[in-house]
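Hi,

Here is the structure I promised to pass on. Have a look at it first, and then read my notes below.

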Amino acid sequence: MSANPASEDSVHFSHRPFVPRIYDALLGGSDNYVADRELAVELYRAAPWLWLTVWANLSHRPKVVRALAGDLGITQFLDLGCGLPMWWSTARFGPRPEPVYEAALKVNVDPRVVYVDADPIVCGHARTVWDEYLGRTAVVQGDIREIDKLLDHPTIARLDRDRPIGVLLHDLLPWVDHVAAERVMVRLREWLPPGSTISITHDTSDEVPKLEDLVGIYATAGIQYEPRSAQEITDLLHPGDHWELLPPGIVPTHLWRPDRDLPVHHARERPALAVGRAAVISKRPAASS
């Protein structure tokens with residue numbers, strides 16, 4: 001996820017922690033800087049299970065893409081807050097979660113994917129990794145808090161709005177305030193054509209009070225983190241009118257159509273399973289005249 005402001009250049013970005021790189025540090029990656037690692041250590045001390053929450057979100061992305069591509073025939077995806085590409089596979093974490101394009105390609109022969117992130121360093125990595133899919137993938141640097149500007153970007157505007165689009169908002173809305181989160185959801189619901197979907201994952205503090213500690217740690221680094229209640233997440237999704245909540249509804253992330261178990265080894269890691277919520281809403285086809 002990336003919701004830190006995108007107004008600074010990449011040099012300045014390397015001197016302060018940034019969420020995708022903090023996550024990379026939590027998972028033992030190397031695409032991070034000292035500031036990211038230092039904050040990751042603080043977060044790990046407060047919540048030793050946090051790495052598993054990160055992994056649950058990463059593993060959820062390809063699962064949703066395969067489901068939407070297979071069940072609904074969606075061939076276009078907009079991955080908002082794509083984060084750093086996953087490079088590794090280890091015994092601790094299991095198989096590397098597939099990027100969106102690779103997951104969609106397993107179901108459809110000609111998918112199109114636009115990856116979006118606010119961090120120029122993340123975007124640089126993404127372009128390097130996905131250059132081999134020229135014409136089928138694209139990377140856009142942008143901030144969802146400027147959602148109108150983002151949707152008008154020439155690359156995103158080239159998506160075919162006569163066909164359904166699958167939007168991924170995975171672990172992104174907790175990093176913006178409620179006004180911005182609501183604005184993003186309203187604009188996407190207006191902008192997307194019938195048959196489209198919005199997939200979200202979102203942290204909730206309903207069962208894990210310890211998240212308040214994480215809110216404070218992030219705040220010391222100038223990062224806004226806003227886990228929401230289950231009701232607030234439901235309100236953001238706003239099913240009804242032209243949108244419906246797809247089965248199995250709003251559920252813990254690891255229970256959304258589970259295809260494998262998460263690597264929980266210790267009781268202290270179990271709070272991670274109570275943090276995340278996942279859901280997909282779909283825009284009903286236009287009524288025939």
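Is Cys-123 buried or exposed? With a relative accessibility of 0%, Cys-123 counts as buried. Keep in mind as you read on that this is a predicted model.

Cys-123 is in no disulfide either, and the disulfide count for the model comes to zero.

Next, the cores. The largest nonpolar core has 32 residues, and the ones touching the most other members are Leu-78, Leu-80, Ile-156, Val-167, Leu-169, Leu-188 and Ile-198. Several elements give two or more residues to this core, including strands β1 (76-80), β2 (112-117) and β4 (166-170), along with helices α7 (147-151) and α9. The top contributor is α9, with six residues.

You will find Val-208 in the loop between β5 (197-203) and α10 (211-220), and it counts as buried because its relative accessibility is 5%. Not counting residues up to four places away in sequence, Val-208 touches Trp-49, Pro-271, Ala-274 and Val-275. Val-208 and Leu-273 are 65 residues apart in sequence, yet their C-alpha atoms are 9.8 Å apart in space.

Leu-39 sits in helix α3 (residues 34-46) and is buried, at 4% relative accessible area. Setting aside neighbours within four places in sequence, Leu-39 is in contact with Pro-17, Ile-22, Ile-217, Tyr-218, Ala-221 and Ile-223.

Now back to α9 for its packing. Helix α9 (residues 178-191) packs with helix α11 (residues 230-237) at an angle of about 35°, and their axes are 9 Å apart. On the α9 side the contact is made by His-178, Ala-181, Glu-182, Met-185 and Arg-189, and on the α11 side by Asp-235, Leu-236 and Leu-237. Sorted by class, that contact has four nonpolar, one polar and three charged residues.

Where does the side chain of Arg-277 make a polar contact with another side chain? The partner is the side chain of Glu-207, at 2.8 Å. The side chain of Arg-277 also reaches the backbone oxygen of Ala-274, at 3.2 Å. Arg-277 is in strand β8, and with a relative accessible area of 10% it counts as buried, since the cut-off for that is under 20%. Leaving aside neighbours within four places in sequence, the residues in contact with Arg-277 include Ile-200, Thr-201, His-202, Thr-204, Glu-207 and Ile-233.

Most residues other than glycine have a negative phi, and most peptide bonds are trans. Here are the exceptions I noted:

- Pro-247 and Pro-248 are joined by a cis peptide bond, with omega about 10°. Pro-248 is in the loop between β6 (243-245) and β7 (251-252).
- Asp-171 is not a glycine but has a positive phi of about 50°. Asp-171 lies in the loop between β4 and α9 and is buried, with a relative accessible area of 4%.
- Arg-257, also not a glycine, has a positive phi of about 45°. Arg-257 is in the loop between β7 and α12 (272-275), and at 32% relative accessibility it counts as partly exposed.

Cheers

How values were computed. Residues are numbered from 1 along each chain as its sequence is written. This is a predicted model: local features need pLDDT of at least 70, side-chain atom pairs count only at pLDDT 80 or more; totals for chains, interfaces and linings use all residues. Side-chain values use heavy atoms; hydrogens and water are left out. Axes are lines fitted to C-alpha atoms, for helices over the stretch in contact, and angles run from 0 to 180 degrees between N-to-C directions. Helices (H or I, at least four residues) and strands (E, at least two) are DSSP runs, numbered from the N terminus. Contact means heavy atoms within 4.5 Å. Ala, Val, Leu, Ile, Met, Phe, Trp, Tyr, Cys and Pro count as nonpolar, Asp, Glu, Lys and Arg as charged, and the others, Gly among them, as polar. Buried means under 20% relative accessible area, exposed over 50%, partly exposed in between (1.4 Å probe, protein chains only). A nonpolar core is a set of buried Ala, Val, Leu, Ile, Met, Phe, Trp, Tyr and Cys residues joined through side-chain atoms within 4.5 Å. A disulfide is a pair of cysteine sulfur atoms within 2.5 Å. A polar contact is a pair of N or O atoms within 3.5 Å; within protein, one must be able to donate a hydrogen and the other to accept it, and residues adjacent in sequence count only if both atoms are side-chain atoms.
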